[in-house]
Amino acid sequence: METHSILETIQMISEEKLDIRTITMGISLIDCIDSDGEKARQKIYKKLTTKAKDLVKVAEQIESEYGIPIVNKRISVTPISIVAAASNDKDYVAFAKTMDQAASDLGVDLIGGFTALVPKGYQTGDGKLIQSIPQALSETSRVCGSVNVGSTRSGINLDAVKQMGQVVKDLAAVDPVNCMSLVIFANAVEDNPFMAGAFHGVGEADCVINVGISGPGVVKRALEQVKGQPIDIVSETIKKTAFKVTRMGQFVGNIASKALNVPFGIVDLSLAPTPNEGDSVAEILEEIGLESVGAPGTTAALALLNDAVKKGGVMACEHVGGLSGAFIPVSEDAEMIRAVNAGNLNIEKLEAMTAVCSVGLDMIAIPGDTTAETISGMIADEAAIGVINNKTTAVRIIPATGKKVGDTVEFGGLFGQAPVMPVNTNSPADFIHRGGHIPSPIHSFKN
Amino acid sequence: MKAILTVVGRDKTGIVAAVANKLAELNVNIIDISQTLMQGNFTMMMMVSIDESTKFDTVKNSLSQLGQESNLDIRIQRQEIFDATQKL
């Protein structure tokens, strides 16, 4: 094997912070449904701790033998709103606690699936689950929840949008940091290994392994080699780099799937930043040629990046899925935080960027006195971008209770810190309080 | 099992000997070796073969201990990871 190739791989991992962001085991809980909530929870605990008993051990062994860091080990489960619906429980907090207990006993970092899917309407379990979110996410440490409020096929559930604005406020009232465990989606995907939006869709197999990979540093370094060259070369360079990065994900997924004797689902090839130096999506955009992320041209540069990442990744693995693309969470990206603090990046620009990125308004802190209706308005806007453009969008915002613009919310670790950003204070209350359902868009006259 | 071993650090007498001795002690066979000085940095790459009966973790820990003692960055990774990223 060529020395050059070996050195390149080692450099990708050690200097450019290439990592496997997550190995996520998706586990179906459909067979745990029981009319007795207590019995259902026992079955859930038993199934989780049986299926995932070797997950952490196998992941750690891969890390050690192949020298590639696996940052998180996670589990995603069937949306609890479906699993718990048959029970007579008044709320589903106990289900969240069972998930938390299983995750903690297994040593996995996060467990996702405290989820309701209501793009068209509520079923019995959906209402109870959504009402349980503030308490469930406050009283557990590893559980993540999500609510899908819209889809291209069914439009936007404005009742759910309205309710989620209040849920986010209620959750923040306990502790703003809890809001990082809750995502509100449009067009949510069922095989996404990234939290907080991961859940195991009903169309999935009983148990699968999904891998999420990330390497903004590798892409940035590759682009440094083509400074000043035409933008076609930039796109080509990103594609080639994404290919190599995805191969690593495919490889690790294969090994994990064999070792755990569980089918391999998908690789989610994403450029997800961390607050560490040299691990930033914003830095890639600036390397493409922007003075600061947020400058005119940012959306175009992000569109190119997102598309090239997908093109490069698709050929590198058997099944690509999830959200594959560039993530732009503000608090988790050191360069994004800098741009916000310098006044170069605002929420409106971030919203525009979400039309072409992988997810949406992610990890953004807003003033504590922002009204529930305003938050619902932000959710509605993001859902509309997703629904009209046939893509996944999400909102994960943090109302920083008691804080104002200029303050900072600390999350710690991979989640970083978020500067509180100004929000347009004109009220959308009358719009949001209308409730009802925004019809699905017509797609036969696409232009 | 084949693995790639890399050693990077400040050049001094006896690095190759120290690493090779440690490998012999661990019953790890050296298949290929290349060594160079890059801007004053000692850089060595080895392909080694580890017996199935030898525990990877034992080899890895002993080498990392040697690295700490002699102020070298020694890492070992199974070879497949390099093929995965670099070959179609």
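Between chain B and chain A an area of about 2,100 Å² is buried, 66% of it given by carbon and sulfur atoms, where buried area is the accessible area (1.4 Å probe) that two parts lose on being put together, summed over both. Of the area that chain B buries against chain A, 28% is supplied by Ile81(B), Thr85(B) and Gln86(B), more than by any other three residues. The structure is a predicted model, in which local features need pLDDT of at least 70 and side-chain atom pairs count only at pLDDT 80 or more, while totals for chains, interfaces and linings use all residues. Residues are numbered from 1 along each chain as its sequence is written, chains are lettered from A and ligands numbered from 1 in the order in which they are written, and side-chain values use heavy atoms, with hydrogens and water left out.

At this interface, 20 residues of chain B are in contact with 22 residues of chain A, contact being taken as heavy atoms within 4.5 Å. Six residue pairs across the interface, both members at pLDDT 80 or more, are in polar contact; a polar contact is a pair of N or O atoms within 3.5 Å, of which, within protein, one must be able to donate a hydrogen and the other to accept it, and residues adjacent in sequence count only if both atoms are side-chain atoms. On the side of chain B that touches chain A, at least two residues each come from S1, helix H2 (56–69), S4 and helix H3 (80–86) of chain B, and H3(B) gives the most, with seven residues. Helices (H or I, at least four residues) and strands (E, at least two) are DSSP runs, numbered from the N terminus. This side of chain B is made up of eight nonpolar, five polar and seven charged residues, where Ala, Val, Leu, Ile, Met, Phe, Trp, Tyr, Cys and Pro count as nonpolar, Asp, Glu, Lys and Arg as charged, and the others, Gly among them, as polar.

Side chains of opposite charge can pair when their charged atoms come close. One salt bridge is counted between chain B and chain A, a salt bridge being a side-chain nitrogen of Lys or Arg within 4 Å of a carboxyl oxygen of Asp or Glu. It joins the side chains of Glu65(A) and Arg78(B), at 2.5 Å from N to O. Over all chains the count comes to 28 salt bridges.

The largest pocket holds about 430 Å³ of space. On a 1 Å grid over the protein atoms alone, a pocket is an open set of points with protein on both sides within 12 Å along at least five of seven lines, a cavity is a set of points where a 1.4 Å probe fits but cannot get out, and lining residues have an atom within 4 Å of a point. Grid points are joined across faces, edges and corners, and a volume is the space filled by probe spheres set on the points. Of the 16 residues that line the largest pocket, Leu7(A), Ile10(A), Glu15(A), Val8(B) and Thr43(B) lie nearest its centre, and H1(A) provides the largest share of the lining, six residues.

Two cavities of 30 Å³ or more are found in the whole structure. The largest cavity, of about 180 Å³, is lined by 15 residues, with Arg21(A), Arg74(A), Phe194(A), Met195(A) and Glu332(A) closest to its centre.
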